[in-house]
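Hi,

Here is the structure I promised to pass on to you. Have a look at it first, and then read on for what turned up in it.

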Amino acid sequence: MEHEIPEIGSITLTGDDGSQIVVFPVDMTRIAGVDYLLASDPAKGEAYIFRMTEDGEDVVLDLLEDDDEAAYIARVFSEQDEDLDLEI
């Protein structure tokens, strides 16, 4: 997998209650062979971190739910870009 942000424009997230929000890719990093994507919802000022995997030719994005992993990856993104102020 190339180490670059996929050209997907936006990502629509659907909650358990059917509500939807649209987020946009901001940055990507690779740690120990695992790719992570940082995406934001500019309207709400919220950020989301996804683990990226491949399924054939498709890229699968899994929202990080483990608080420790999310905090560590957020810290990595913040260190890569001083303008980012991520809180988990």
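This is a predicted model: local features need pLDDT of at least 70, side-chain atom pairs count only at pLDDT 80 or more; totals for chains, interfaces and linings use all residues.

Starting at the N terminus, the elements of the chain follow the order β-β-β-β-β-α.

Some overall numbers for the chain: it has 88 residues, and 31% of them count as buried. Its accessible surface is about 6000 Å², with 42% of that belonging to carbon and sulfur atoms. Among the contacts with a separation of 6 or more, 33% are between residues 24 or more positions apart.

Now for the charged pairs. How many salt bridges does a search of the whole structure find? The search comes back with two.

One of them joins Glu69 and Arg51, whose closest N and O atoms are 2.5 Å apart. Glu69 sits in helix α1 (residues 67–80) and Arg51 in strand β4 (residues 46–55), so this pair ties together parts that are 18 residues apart in sequence. Arg51 is partly exposed, at a relative accessible area of 26%.

Another salt bridge brings together the side chains of Arg30 and Asp35, at 2.7 Å from N to O. Are its two partners buried or exposed? Asp35 counts as buried because its relative accessibility is 4%, under the 20% cut-off. Arg30, on the other hand, is partly exposed, with a relative accessible area of 37%.

That is what I have for you so far.

Best wishes

How values were computed: Residues are numbered from 1 along each chain as its sequence is written. Side-chain values use heavy atoms; hydrogens and water are left out. A salt bridge is a side-chain nitrogen of Lys or Arg within 4 Å of a carboxyl oxygen of Asp or Glu. Buried means under 20% relative accessible area, exposed over 50%, partly exposed in between (1.4 Å probe, protein chains only). Helices (H or I, at least four residues) and strands (E, at least two) are DSSP runs, numbered from the N terminus. Contact means heavy atoms within 4.5 Å. Accessible areas come from the Shrake-Rupley method with a 1.4 Å probe; for residues, only the protein chains shown count as cover.
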